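I opened this entry to keep a record of what I looked up in one model. The notes follow the order of the look-ups.

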Amino acid sequence: MHFLRSCSFLAFLLLGGSYLKAQEKPVLDRDLVVSVQGELLDPMYDFYNSFKLTSRLGLDLEKKVSTKRSLGVRLNYNRFKSYDFDMFTGTTSVSRDYSGVRDTVLPLLRNGYTRGFGAEVFTRVFRSAKGGLFPIGFYYEWGMGLHQTRFSGYTYQQWDEALSAYRPVEEEVQSVRSVSFSLRSGKQWLFENNLIFGFGIGLKGHLPLRFKSASDESTVYDARTLFYHDVLMTDWFSTYVRLGYLF
């Protein structure tokens, strides 16, 4: 515990020193941006049969290369209900209301969730024709990332003929690893206190590398189907806002 407190105190001193040193720089000499990005993935889910809010949080570190270009890294995290969850009806394909029929699935005991972790590298080009100049104005961004997505299964009840009773069914955890390629376009503003605000839109495609699936009997959807629904088709289009600080 004492070691952790010492490390935290040291990190605080280093960040504080960096902050004070950054205050002495003129704007044109500043070359580092740290920002937080909130991203809304495509909410029209499963070919527009339902509406599901799926969001992602990102942490960016961006370094100036020239007045028109920068390089950066981004860490991503997202978590949302798995499968075709409809926020208006509150239902999924495995949470139908119990109607007294034995082969009908009982209401859920526990929801399933999609959790994604990712790291991306990107380059950003500011459009001088539109008044772009690091770190403000219009820009294009190209990126490539590595992602690990885990699908924690639902827990629900189902009729068991052998037991002549309902029994809980807990789906196994599945996962997929993928590589992404993205294209974004946005605009940023710099304020007097060196805060940066921006927004934009993005397109992204995922190439699966490795699936870890459960047996067909233990899950409603396999990892490939989950990847298609909860990664590929929700992440293909996104909108985002960004708040950062120029050091």
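Which residue forms a salt bridge with E170, and how far apart are the closest N and O atoms? I found R110 as the partner of E170, with the closest N and O atoms 3.0 Å apart. A salt bridge here is a side-chain nitrogen of Lys or Arg within 4 Å of a carboxyl oxygen of Asp or Glu. E170 lies in strand 9 (residues 165-170) and R110 in the loop between strand 5 and strand 6 (113-126), so the pair ties together parts that are 60 residues apart in sequence. E170 is exposed at 53% relative accessible area, and R110 is partly exposed at 44%. Buried means under 20% relative accessible area, exposed over 50%, and partly exposed in between (1.4 Å probe, protein chains only).

Provenance. I am working on a predicted model, in which local features need pLDDT of at least 70, side-chain atom pairs count only at pLDDT 80 or more, and totals for chains, interfaces and linings use all residues. Residues are numbered from 1 along each chain as its sequence is written, and side-chain values use heavy atoms, with hydrogens and water left out.

Overall fold. I noted two helices and 12 strands in the protein chain; helices (H or I, at least four residues) and strands (E, at least two) are DSSP runs, numbered from the N terminus. The element order from the N terminus is α-β-β-β-β-β-β-β-β-β-β-β-α-β. Of the 247 residues, 39% are buried. Taking contacts (heavy atoms within 4.5 Å) between residues at least 6 apart in sequence, I read that 71% join residues at least 24 apart.

Other salt bridges. The search of the whole structure returned 17 salt bridges. One of them joins R74 and E141, with the closest N and O atoms 3.1 Å apart. R74 lies in strand 5 (residues 69-81) and E141 in strand 7 (residues 137-152), so this pair ties together parts 67 residues apart in sequence. R74 is buried at 1% relative accessible area, and E141 is buried at 0%. I also logged D160 with R167, the closest N and O atoms being 2.8 Å apart. D160 is buried at 16%, whereas R167 is partly exposed at 34%. Salt bridges that share partners join residues into one network, including R56, R74, E141, R184, K204 and D235.

G58. I placed G58 in strand 4 (residues 55-64), where G58 is buried at 6% relative accessible area. Leaving aside neighbours within four places in sequence, G58 is in contact with S35, V36, Q37, L75 and N76.

Cavities. How many cavities of 30 Å³ or more does the search of the whole structure find? I got two. On a 1 Å grid over the protein atoms alone, a cavity is a set of points where a 1.4 Å probe fits but cannot get out, and lining residues have an atom within 4 Å of a point. Of its 17 lining residues, R56, N78, G116, T149 and V231 are the closest to the centre. The second largest cavity has a volume of about 40 Å³. Its lining is E39, S182, R184, G202, L203, K204, D235 and S238. Strand 11 (195-212) gives the most to that lining, with three residues.

How values were computed:
1 Å grid on protein atoms, 1.4 Å probe; cavity = no way out; pocket = protein on both sides within 12 Å on 5 of 7 lines; lining within 4 Å. Points joined across faces, edges and corners; volume = space filled by probe spheres on them.
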